[in-house]
Amino acid sequence: MTAHFSQGSLTVLGTGSMLPGEPVSNTVLFEALRSCAGDTVARKARLLARQLGIESRHLSRRLDQDISSPRPDAPALCVAALQCAADEAGVELAALYYLIGHTATPHTLVPPNIAWVVERLGFEQPYLELRQACTGFANALQIACPMLNAAPPGNALAIVGSEVGSVYFRMDADFIDQEQLLNYVQMGDGAGAVILAAAGAGKEQIVSDMYMGHIGVDRQPGFYLDGGGSGAVECSHGVPRFRHDSQAVRRHGAGLYLAGLRAIEERGYAIDDFAFIIPHQANGHLARLLGDYLGIDAERIVVDADCLGNLGSAAIWVSFDRLRRSGRLRRGDKVLVLG
């Protein structure tokens, strides 16, 4: 992997997150599945949940309807997460310099999800959206860093990642195959936000060594949405489906973590420099698995997937916010993010 590192660093002014409703336990999830698809499918879901180490998640959809509208919807989750971050930062959202959103499950394809967020906030400054799912946070930082460090002093911007992927699942026996069952068990909904300023803005928490890369071409996507785009406008199952090649993810997923580690080690860091590591939240067992591989205490690996599922675009920001609010961080601690 060739990693691109941004020049400079940023100051964290505040973070926030929002999850829809009460946690949905596996028991509730499996019962809804049994009602629409039968005992055999529910048993398969139970096995998958055990393998993934996921016990609950938050969902914007209803489970007693074949197709459900999200409540709260994606813009509402983003607004709430942004307001939470702004409250901690002590800033007015209307005063922000710029607003960056990223998601794979937008409120509408056009205008982008962030445009609906802007409308609800009455935000009058510029904004943009990235459609990059779980890697959106990294490219958002690549944009934010030079923008803020070139801006007049005193300016701040916000980044918000969100997903409401649960609505892309039909509670219908004809829709549910092994691939869709994996999505049903693994994914969760939510939004996470961060408010940033240029380095030296009076706060101690900084984001530095921001990098982005990829591990090669000539590979089929392990996870993609199969309908609604210009390359395939029709949706044969009534809704676009998230296609999930779990075997490809298993073969290549660990390589992403290792490439990220190599990039940061080449930067001069060692794994023991970091009090905590936040990996992409794909698996509730990840703390034990990654801890064993790296030879470090699993308590240093921040994993929320066991109780939140995989939040996609929101995953890193939500886990970052939860870590900051947990009381576990001490002055001088370094946190490594492996997205």
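My entries follow, from the overall picture down to single residues.

**Ground rules.** I worked from a predicted model, where local features need pLDDT of at least 70, side-chain atom pairs count only at pLDDT 80 or more, and totals for chains, interfaces and linings use all residues. I numbered residues from 1 along each chain as its sequence is written, and side-chain values use heavy atoms, with hydrogens and water left out.

**Overall build.** I counted 10 helices and 14 strands in the protein chain. These are DSSP runs numbered from the N terminus, with helices being H or I of at least four residues and strands E of at least two. I then looked up the radius of gyration, taken over C-alpha atoms, with a globule rule of 2.2 Å times the number of residues to the power 0.38. A compact globule of 339 residues would come out near 20 Å, and the protein chain has 20 Å, so the two agree. The C-alpha atoms fill a box of roughly 60 × 50 × 40 Å along the principal axes.

I also checked contacts, meaning heavy atoms within 4.5 Å. Among contacts with a separation of 6 or more, 80% join residues 24 or more positions apart.

The accessible surface of the protein chain is about 15,800 Å², and carbon and sulfur atoms hold 51% of that; I used Shrake-Rupley areas with a 1.4 Å probe, where for residues only the protein chains shown count as cover. Buried residues make up 50% of the 339. Here buried means under 20% relative accessible area, exposed over 50%, and partly exposed in between (1.4 Å probe, protein chains only).

I found 29 positive and 36 negative side chains, with the centres of the two sets 4 Å apart. Lys and Arg count as positive, Asp and Glu as negative, while His and the chain ends are not counted. Each charge is placed at NZ of Lys, CZ of Arg, CG of Asp or CD of Glu.

**The cores.** Which residues touch the most other members of the largest nonpolar core? I noted Leu10, Leu141, Leu157, Ile159, Leu196 and Trp317, out of 27 residues. At least two residues each come from strand 2 (10-18), strand 5 (98-103), helix 5 (136-150), strand 7 (156-163), strand 8 (190-198), strand 13 (276-279) and helix 10 (315-325). Helix 5 gives the largest share, eight residues. Such a core is a set of buried Ala, Val, Leu, Ile, Met, Phe, Trp, Tyr and Cys residues joined through side-chain atoms within 4.5 Å.

Another core, of 24 residues, lies apart from the largest one and includes Ala74, Cys78, Val118 and Ala156.

I found a cis peptide bond from Arg71 to Pro72, omega near 0 degrees, with Pro72 in the loop between strand 4 (56-57) and helix 3 (74-89). The bond from Val110 to Pro111 is also cis, omega near -5 degrees, and Pro111 sits in the loop between strand 5 and helix 4 (113-121).

Ala133 has a positive phi of about 50 degrees although it is not a glycine; its loop runs between strand 6 (127-130) and helix 5. Asp209 has a positive phi near 50 degrees and lies between strand 9 (206-207) and strand 10. Is Asp209 buried or exposed? Asp209 counts as buried because its relative accessibility is 15%.
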